[in-house]
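Please look through the structure shown below. An explanation follows it.

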Amino acid sequence: MSFFREFFGGRRERSAETAKKRLMMVLVDDRYKLTPELIEQMKVELAEVLSRYLPHVDADQIEVSLLHEDDNDRLHAQIPLKRGQQGDV
Amino acid sequence: MARAITITSGKGGVGKTTTTANLGTALAMRGARVAVIDADIGLRNLDVVMGLENRIVYDIVDVVEGRCRLRQALIKDKRLPELCLLPAAQTRDKDAVSPDQMIDLLAQLRSDFDFVLIDSPAGIEGGFRNAIAGADEVVIVTTPEVSAVRDADRIVGLVEAAEKGTPRLIVNRIKPRLVSRGEMLSVEDVLELLAIDLLGIVPDDETIVTSTNRGEAAVYDQTSLAGRAFLNIGRRLNGETVPFLDLTDQPGVLDRFLGMFGRRRS
């Protein structure tokens with residue numbers, strides 16, 4: 001969608017912002033050999049393991065990102081949970 | 001006992017040699033005894049940047065292979081008697097010196113100097129490994145460009161793996177006007193990406209071309225903003241607390257800064 005916004009009248013993102021986003025992706029890949037495909041695979045496997053303990057864990061809903069806090073790289077996963085209905089496990 | 005500090009970058013052409021020459025000069029101007037070593041064997045350059053190319057008799061490979069004593073190969077700076085250069089060999093390749101020989105060489109220099117600055121070759125191969133082998137600290141030079149920052153990140157990993165501690169960063173060739181327009185990575189962006197401590201910020205400055213043409217360090221040039229930045233970095237290496245230059249491109253800031261040195265922007 002952002003493509004269309006950019007294309008039709010919207011202002012193009014400034015190049016420094018683009019450079020920073022691209023570098024973030026590249027550096028994660030360089031440091032951890034973690035490609036976008038591997039991240040997708042990791043989500044599927046995370047959902048598999050978590051589904052043994054929790055109802056309704058959907059790989060498509062998991063968001064995995066790499067953060068940098070307190071001088072440490074940190075893998076951050078957001079896993080939305082749905083409350084199971086009675087008797088629905 | 002000297003502190004041995006390696007200046008490196010990964011990517012070529014980001015200003016390692018200019019940085020080494022200026023920091024060596026800045027430290028010597030403040031009274032420190034400084035040796036600068038050109039570790040870029042086969043691509044000798046620190047001598048021309050310092051204007052000492054006509055004085056070379058022996059080089060680092062001559063010392064390592066025993067053709068001369070270390071003291072004979074050290075070239076005194078033109079202006080500062082406390083500043084010496086150990087030139088690289090121009091006709092040999094990077095394997096002419098081993099990491100152990102580099103460590104030996106530094107051990108000999110340490111007692112006679114306060115600082116030994118080692119100008120590393122670009123890349124992550126043997127020449128780079130030699131340059132960091134005997135270092136107590138490592139300084140990484142980068143420019144605010146994707147390729148240079150990416151290579152700098154690789155170097156951070158390699159320096160930490162070699163147990164040299166976390167290197168400190170110099171961001172070179174910042175163009176404040178481009179940064180304020182959002183068309184160049186800011187120093188803050190680069191620091192956030194690389195997650196290492198900042199040692200200095202050097203603005204892009206045409207006076208560097210002039211001073212390099214003449215073989216004189218920019219730190220001598222009172223009108224050079226880059227020279228001023230290098231002086232500040234030298235003082236920080238010497239343990240002083242010096243605020244970072246404010247390069248924010250607000251009207252008046254640069255004018256006021258240059259005004260301090262008796263120069264006006266045309």
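The paragraphs below cover a pocket and then an annotated site.

This is a predicted model, in which local features need pLDDT of at least 70, side-chain atom pairs count only at pLDDT 80 or more, and totals for chains, interfaces and linings use all residues. Residues are numbered from 1 along each chain as its sequence is written, chains are lettered from A in the order in which they are written, and side-chain values use heavy atoms, without hydrogens and water.

The second largest pocket holds about 440 Å³ of space. Its lining has 20 residues, and A:M24, A:M25, A:V28, A:L66 and A:L67 are the closest to its centre. Elements giving two or more residues to this lining are α2 (15-32), α3 (36-50), β1 (63-69) and β2 (72-78) of chain A, and α9 (187-194) of chain B. The largest share, eight residues, is from α2(A). By class, the lining comprises 13 nonpolar, two polar and five charged residues.

In chain B, UniProt (unreviewed entry) places the feature "binding site" at B:K11, B:G12, B:G13, B:V14, B:G15, B:K16, B:T17 and B:T18; such annotations may be inferred rather than shown by experiment. B:G12 lies in the loop between β1 (3-8) and α1 (16-29) of chain B, whereas B:K16 is in helix α1 of chain B. Why is B:K16 counted as buried? Its relative accessibility is 7%, and buried means under 20% relative accessible area, exposed over 50%, partly exposed in between (1.4 Å probe, protein chains only). B:G12, at 33%, therefore counts as partly exposed. Beyond its neighbours within four places in sequence, B:K16 is in contact (heavy atoms within 4.5 Å) with residues including B:I7, B:D119 and B:V141.

Technical notes:
1 Å grid on protein atoms, 1.4 Å probe; cavity = no way out; pocket = protein on both sides within 12 Å on 5 of 7 lines; lining within 4 Å. Points joined across faces, edges and corners; volume = space filled by probe spheres on them. Helix = DSSP H or I, 4+ residues; strand = E, 2+ residues; numbered from the N terminus. Nonpolar A, V, L, I, M, F, W, Y, C, P; charged D, E, K, R; others polar.
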